[in-house]
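Hi,

Here's the structure I promised to pass on. Have a look at it first, and my notes follow below.

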Protein chains: 2
Amino acid sequence: MSQFHVLRIGHRPERDKRITTHVALTSRAFGASRMYLSKPDSRVVTTIDEVVAKFGGNFEIEPLSNPRKFAKNWEGQIVHLTMFGLPLEDFEDKLRKEQSPILFIVGAEKVPPWTFEYADYNISIGNQPHSEVSALAISLSRLNENYVDQKFGGPLQVIPSGDHRKMIDTSR
Amino acid sequence: MSQFHVLRIGHRPERDKRITTHVALTSRAFGASRMYLSKPDSRVVTTIDEVVAKFGGNFEIEPLSNPRKFAKNWEGQIVHLTMFGLPLEDFEDKLRKEQSPILFIVGAEKVPPWTFEYADYNISIGNQPHSEVSALAISLSRLNENYVDQKFGGPLQVIPSGDHRKMIDTSR
């Protein structure tokens, strides 16, 4: 299991299904091993399980009913990504050296006060409104600079190309 | 006007409204000056106009009915972001030195063949499936490393904080 975990809070199944799916895919692609999801949403889980079956890796989604209790009991560091936080640049050297598991918390709309309270770091990627998907992608890609070389081992493998789509299916 | 522009293609208003909004917010936050949108969607425009009114900057959305023709006539470089492309790392030094405007093309689902054809660069941010929001955020933040120091000059300004939400409204 990798050192990076993601807690997605404030998920509203009707409204956020696709954004939360992008949060999960981003988590997986940049090296997180698990996304905890509150509220639970089986459609997101199904979509991600299909991607894992095709492209590999051990990424999982775990539904959570009490994210506050989960965060309170987290044994490791907590990084809350928020447009109101301090610049990532000021902490990334320290976070790269961190040995304990890091839980990134990303909210949908306004987050409850406990996210600020339980976080060891409240970190922003710039202080303009943008996207929890962007904040997570930039954070993980900067802390896990070898993301391009990760091996996922799934049956579908992309062959990088400058001019067309090329993908092989090693299960055939 | 900045050097960075974004062309969002394949937008399906019912399905993609929120993801496309995140593409637009990410474009603005990391220094693009304009997003061209096909198909047009006035709800996305309204949401972004509200953010610009509050947080500043000159970012605009321009609806496009013929994105293919638009890309074909683009006077500058075109970077198509795709999971099938070559690593950003191999081209970022060259792109940082580029003087002409750069158009980033991001699709929703599978893109038409002309995107590969008209692109000067087909670039991937890793070759795993993730998100056009992530791909754009990482690309822009790496080519525009001063994004944290950009001045948007809007009435709402965040005061970065390690432990709470702090925002001032300079219009009051």
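Which residue stands opposite A:Arg34 in strand 3 of chain A? That would be A:Glu60. Bear in mind that this is a predicted model.

That pair belongs to a bigger picture. Strand 2 (residues 34–37) of chain A runs parallel to strand 3 of chain A, and four bridges join them. Both sit in an open sheet of six strands in chain A, paired in parallel with the order 3-2-1-5-4-6. Strand 3 (60–63) and strand 6 (121–124) of chain A are the edge strands, each pairing on one side only. On average, neighbouring strands of this sheet are turned by 30 degrees against each other, ignoring direction.

Now the helices. Helix 1 (residues 13–29) of chain A lies across strand 1 (4–8), strand 2, strand 3 and strand 5 (102–106) of that chain, and runs at about 175 degrees to strand 1. Helix 6 of chain A is mostly covered, with 11 of its 12 residues buried; among them are A:Val133, A:Leu136, A:Ile138 and A:Leu140. I also checked its length: at 1.5 Å a residue, the 12 residues of helix 6 (residues 132–143) of chain A should span 16 Å, and the end C-alpha atoms are 16 Å apart, so the two agree.

One more thing for your backbone checks: a cis peptide bond joins A:Ser38 and A:Lys39, with omega at about 0 degrees. A:Lys39 is in the loop between strand 2 and helix 2 (42–55) of chain A. In chain B, a cis peptide bond joins B:Ser38 and B:Lys39, again with omega at about 0 degrees, and B:Lys39 is in the loop between strand 2 (34–37) and helix 2 (42–55) of chain B.

Cheers

Methods. Residues are numbered from 1 along each chain as its sequence is written. Chains are lettered from A and ligands numbered from 1 in the order in which they are written. This is a predicted model: local features need pLDDT of at least 70, side-chain atom pairs count only at pLDDT 80 or more; totals for chains, interfaces and linings use all residues. Helices (H or I, at least four residues) and strands (E, at least two) are DSSP runs, numbered from the N terminus. The expected span of a helix is 1.5 Å times one less than its number of residues. A residue is buried if 20 or more other C-beta atoms lie within 10 Å of its own, exposed if 12 or fewer, and partly exposed in between; C-beta atoms are placed from the backbone. Two strands pair if DSSP finds at least two bridges between them. Axes are lines fitted to C-alpha atoms, for helices over the stretch in contact, and angles run from 0 to 180 degrees between N-to-C directions. Two residues are in contact if their C-beta atoms, placed from the backbone, lie within 7 Å.
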